[in-house]
Amino acid sequence: MYDYAQLVDREHLLCPHYIPDDLKLVNVPFPCQVPTDDLRRFLKKEAAVYVQEMFKAAAKEKISLFAISGFRSYKRQSVLYQRNPNGAVAFPGASEHQLGLALDVSTPDVALELTEEFEFTQAGKWVAAYGPLYGFILRYPKRKTSITGIPYEPWHLRYVTKNLALYLTLTGMTLDEYHIHFSKKKE
Ligand SMILES: [Zn+2]
């Protein structure tokens, strides 16, 4: 069975050829400059379905949410990394976007940018509070940067299923801590 809790980081790299076998076009608003067939608009099927549910719920509450970037291939990650080797770009194979389970989101209040200011917008507060009900967590929280190894990213949502998202939210655990905890238990 597919593991939606899969850990991907510098120590747990994906193969260069890994692409989810069930990528699905996510039918939610993206900035108009993203071409309609661009891979950024795709996610692994189950995540895509729940993103759509989440955006529907946000729209009902007049929250203006935009999807910015979903799936990213290893090749594309390599290009971005080479352009920005010291910046905030994940090493090729170390990005959850290659899993097709991560979605960056933003809102017009911050000009659709991926910025820490997103946290203080209505949309930023909404996804942090309600994302878990749709299976999404803020993967790189503010006070956990020493554990995740990634600076705070209030815009980066990771699909882990609703059960796990609620569990992690209630316990305050990151996905990294969850894996550390359960691998210790197995020993
Ligand atoms: Zn991201």
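Predicted model: local features only at pLDDT ≥ 70, side-chain atom pairs only at ≥ 80, totals over all residues.

Trainee: Which residues does Lys44 touch, not counting residues up to four places away in sequence?

Mentor: Lys44 is found in strand E2, residues 42–44. Its relative accessible area is 4%, and buried means under 20%, so Lys44 is buried. Leaving out residues up to four places away in sequence, Lys44 touches Tyr2, Tyr4, Pro20, Asp21, Asp22, Leu23, Leu99, Gly100 and Leu101.

Trainee: In what order do the elements of the protein run from the N terminus on?

Mentor: The protein has 6 helices and 6 strands. From the N terminus on, their order is β-β-α-β-α-β-α-β-α-β-α-α.

Trainee: How much of the contacts with a separation of 6 or more is accounted for by residues 24 or more positions apart?

Mentor: The contacts in question are those in the protein with a separation of 6 or more. Within that set, the share of residues 24 or more positions apart is 66%.

Trainee: What spacing do the donors of the zinc ion follow along the chain?

Mentor: The protein donors are His97 through NE2, Asp104 through OD and His156 through ND1, lying 2.1 Å from the zinc ion. His97 and Asp104 are buried. Along the chain the donors follow the spacing H-x6-D-x51-H.

Trainee: Which element gives the largest share of the lining of the largest pocket?

Mentor: The largest pocket holds about 960 Å³ of space. Its lining has 43 residues, of which Arg72, Gln77, Val89, Ala90 and Ser95 lie nearest the centre. Two or more lining residues come from each of strand E3 (66–69), helix H2 (74–83), helix H4 (145–148) and helix H6 (175–186). The largest share, 5 residues, comes from H2.

Trainee: Which element gives the largest share of the lining of the second largest pocket?

Mentor: The second largest pocket has a volume of about 400 Å³. Among its 20 lining residues, Ala128, Leu138, Pro141, Leu168 and Thr169 lie nearest its centre. Helix H3 (122–130), strand E5 (136–138) and helix H5 (162–171) each supply at least two lining residues. The largest share, 3 residues, is that of E5.

Trainee: Where does Lys62 lie, and is this residue buried or exposed?

Mentor: Most residues other than glycine have a negative phi. Lys62, however, has a positive phi near 60 degrees. This residue lies in the loop between helix H1 (45–60) and E3. With a relative accessibility of 71%, Lys62 counts as exposed.

Trainee: Is Ala111 buried or exposed?

Mentor: Ala111, which is not a glycine, has a positive phi of about 55 degrees. Its place is the loop between strand E4 (102–106) and H3. The relative accessibility of Ala111 is 54%, so the residue counts as exposed.

Terms used:
Residues numbered from 1 in each chain as written. Heavy atoms only, no water. Donors = N, O, S within 2.8 Å, 3.2 Å for Na, K, Ca; no water. Buried < 20%, exposed > 50% of the residue type's maximum accessible area, 1.4 Å probe, protein only. 1 Å grid on protein atoms, 1.4 Å probe; cavity = no way out; pocket = protein on both sides within 12 Å on 5 of 7 lines; lining within 4 Å. Points joined across faces, edges and corners; volume = space filled by probe spheres on them. Helix = DSSP H or I, 4+ residues; strand = E, 2+ residues; numbered from the N terminus. Contact = heavy atoms within 4.5 Å.
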